[in-house]
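Walk through this model with me. We begin with confidence, then turn to fold, helix packing and the chain contact.

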Amino acid sequence: MLVHIETIFRNLNGWGLPVIMLLVGIIEFAYGLYENHWTKNEKVLDIVCFVVPKIVVRPFVAYVGLLLFPHLLPDAKNAFAWVPFWWGFAIIAVADDLTQYWYHRLHHQLPWLWRFHRTHHSAPYMGMAMASRQNIIYTIFFSQIYLTTTLVYLGLGYPVLFVTGVKALITTGAHSSIKWDKPFYTIKWLKPVGWVMERLISTPATHHAHHADTSDDGVGYYKGNFGNMFFIWDLIFGTGIITRQYPSGYGIKHYKQEEWYAQFMWPIFKSKKEGSELAANGPMVGDALPPEAPAVVAGS
Amino acid sequence: MKTPVVTQKRILRDAVISIFIYALPVVLMLLSFKISGQRPWKDKPATTIHK
């Protein structure tokens, strides 16, 4: 049994997840869930962001890391292989996801970091197409790939395999335009499960709220809900709002359909769109409030 | 554009709390070893290629 589960997760972390994303993406597209928002510019950006990290960035980091570690830390190889599986699972789940919570939160709360994460929020739709959509700098400094490579070298590769698999399923599920969590809020006997689920992990409802283009509808909460796999970080730090509804619109209000290469490669390539955050002389944050107005802080 | 002071303070406060959260599973694991008397690092030596 365990062998079968292991095989599933090995395949999931290899070719499985991209295939699942492609299949779900096709279903979303077929059902018209991207409406008329998936323009040529958005398509190119989504596809480039889906492919490049998988075939260039992650393999490169893993290769260089596993090449460097034996020289830098020759005695540390498999040093923690004795850690029991479930403890390894818990340690890695917390270390990985809390680190990503912070990486994500700081990109929203520190204005100078926002433009590295903006690409993920510029999509005016939710779904598999935009789940991998990130600026290349955000992807390169993404903590998870370095943490995973290090832990594999230290002998925790086995729990890493399962944590990354479970996490990938939860985070891609939270981005899906298929509102699979709805039955947990409407079917009576599933409601207790839903209550626990929406507090423990990211769901389409809570994560869609994070991708909302406004908070005026009483659902959107783009200044919070930073959790990726676990939602509990948002509850602990007061940056989360639990909702069972879905926002009226997605993306960013000041989106100017910037060129895909500018969104992918900023600040290496800049946008030619006047007034864009990604333009050479563009504002750091497009919807920044005037200095005299009090800033709304996430979690307040 | 500057980060509001209140946000800076919250970031600092939450970062300190995070240190304890990071340590929690490690501490709980060591506590469980202490209670159960297990010494897995002795019982199950690391599989290493350095033979």
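Two residues are in contact if their C-beta atoms, placed from the backbone, lie within 7 Å. Where pLDDT is low, the predicted coordinates should not be read in detail. Chain A as a whole averages a pLDDT of 88, and 94% of its residues score at least 70.

Some conventions follow. This is a predicted model, in which local features need pLDDT of at least 70, side-chain atom pairs count only at pLDDT 80 or more, and totals for chains, interfaces and linings use all residues. Residues are numbered from 1 along each chain as its sequence is written, while chains are lettered from A and ligands numbered from 1 in the order in which they are written.

Now the fold. Chain A has twelve helices and zero strands. Both kinds of element are DSSP runs, numbered from the N terminus: helices are H or I with at least four residues, strands E with at least two. The C-alpha trace of chain A spans about 55 × 50 × 40 Å along its principal axes. Does the radius of gyration agree or disagree with a compact globule? It agrees, because 300 residues would give a value near 19 Å in such a globule and chain A has 20 Å. That radius is taken over C-alpha atoms, and the globule rule is 2.2 Å times the number of residues to the power 0.38. Of the contacts in chain A with a separation of 6 or more, 70% come from residues 24 or more positions apart.

Next, one helix pair. In chain A, helix α2 (residues 40-72) and helix α7 (residues 143-175) pack at an angle of about 40°, their axes 9 Å apart. Axes are lines fitted to C-alpha atoms, for helices over the stretch in contact; angles run from 0 to 180 degrees between N-to-C directions. On the α2(A) side, the contact includes Arg58(A), Gly65(A) and Phe69(A). Tyr146(A) and Tyr153(A) are among the residues they meet in α7(A).

Finally, the second chain. Here 21 residues of chain B are in contact with 24 residues of chain A. On the chain B side, α1 (5-36) and α2 (40-43) each give two or more residues. α1(B) gives the most, with eleven residues.

Notes:
pLDDT is the predictor's confidence in each residue, from 0 to 100.
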